[in-house]
Amino acid sequence: MKHLIDPMDLSIEELDNILNLAQDIIDNKEKYSEVCKGKKLATLFFEPSTRTRLSFEAAMMELGGNVLGFSSASSSSSAKGESVGDTVKVVSCYADIIAMRHFKEGAPMLATMKSDVPIINAGDGGHNHPTQTLTDLLTIKREKGRLDHLVIGLCGDLMFGRTVHSLIKALSRYEGIEFVLISPDELKIPDYIRTEVIEKNNIPYREITSMEDVIGELDILYMTRVQRERFFNEADYIRLKDSYILDNSKLALAKSDLSILHPLPRVNEIAVEVDDDPRACYFRQALNGKFVRMALIMTLLGLEA
Ligand code: NCD
């Protein structure tokens, strides 16, 4: 049985197969409308979510399957003190596949030890978010036509942003990637990502604080929200929250074929005026999230159209 906990759980070949399947789903939706008939997806969300949970549920519905689950820890037996292991053991009696988001790093990994069905990590604390990475890769592939030979700027909260950590891991396996890491000093990428992923794979990278200085060199600009819920004190959050705001005046310095991504939700880091620019990909990215999750569910359940 296969789970998806860390983006590196998928080989490059498996990853490419999922992205190709997602593209086929986009091109031939009717072909897939009954693939998951009689199957159930459980979404166990111990932390807030809009896109991830609803796109998982929409994905299962569009495959002809059913969904069940909860959307906050307070509405599950976790509020009574039940362990993640027990919750998962029980839910795996009711569902064929589980997508789980948890505020504790490692909780979905622990869940795999108790589950009789595939577990998908839908975000664990400040650690990983592999299905957002699938969404990001599908978006880059559709917008740029390739996943290699790209200069990728990652901007904002690189310390706590789990989508950033997972995306860097996944992209580190492609040729000709260069990272430009744009953040305040306090929110730099964690050491383990810098040494164990970027430096270990000899990937060229820069850590800088000014977006304006580099925006003109980028093929992809991946904006992120400052992760308020992971801060120890509110004063630090308030000081750092508006470190970067992408607006039309900064965008005027960028390449005409830049792709702007953001996992969403956005707070202030992209001005609404940018939404009308053809380089803004973040709402198309949210739509891609549904298709790639359809492909992932099929893959983990071993189903074909
Ligand atoms: C991200 C997450 O939950 O990590 N959101 C998402 O899943 N699209 C990013 C964020 O919350 O800032």
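Reader: Which residue in S3 is the bridge partner of Phe-45?

Author: Strands of a sheet pair through backbone hydrogen bonds, either parallel or antiparallel. In this predicted model, where residues are numbered from 1 along each chain as its sequence is written, local features need pLDDT of at least 70, and side-chain atom pairs count only at pLDDT 80 or more, while totals for chains, interfaces and linings use all residues. Side-chain values use heavy atoms, with hydrogens and water left out. Here, Phe-45 has Arg-101 in S3 as its bridge partner. Strands are DSSP runs of E with at least two residues, helices are runs of H or I with at least four, and both are numbered from the N terminus.

Reader: In which sense do S1 and S3 pair, and over how many bridges?

Author: Two strands pair if DSSP finds at least two bridges between them. Strand S1 (residues 40-45) and S3 are parallel, with 5 bridges. Within S3, Ile-98 stands opposite Ala-42. Ile-98 also has a bridge partner in S4, namely Ile-119. S3 and strand S4 (residues 119-124) run parallel and are joined by 4 bridges. Between S3 and S4 the chain passes through helix H4 (residues 107-112), in a right-handed β-α-β crossover; right-handed means that, with the strands pointing away from the viewer, the path from the first strand over the helix to the second runs clockwise.

Reader: Are the residues of S3 buried or exposed?

Author: In a regular strand the side chains alternate between the two faces of the sheet. Ile-97, Ala-99 and Arg-101 point one way from S3, Ile-98, Met-100 and His-102 point the other way, and all are buried. Buried means under 20% relative accessible area, exposed over 50%, and partly exposed in between (1.4 Å probe, protein chains only). For strand S3 (residues 97-102), 6 of its 6 residues are buried.

Reader: What is the strand order of the open sheet of 4 strands, and why is one side of S2 and of S4 left without a neighbour?

Author: The order is S2-S1-S3-S4, with parallel pairing. Strand S2 (66-70) and S4 stand at the edges with a single partner strand each, so one side of each has no neighbour in the sheet. Neighbouring strands of this sheet are turned by 15 degrees against each other on average, direction ignored. Axes are lines fitted to C-alpha atoms, for helices over the stretch in contact, and angles run from 0 to 180 degrees between N-to-C directions.

Reader: Which strands does helix H2 touch?

Author: Helix H2 (residues 51-62) packs on the sheet and touches S1, S2, S3 and S4 (contact means heavy atoms within 4.5 Å). The direction of H2 makes about 175 degrees with that of S1. Helix H10 (residues 282-301) lies across S1, S3 and S4, at about 125 degrees to S3.
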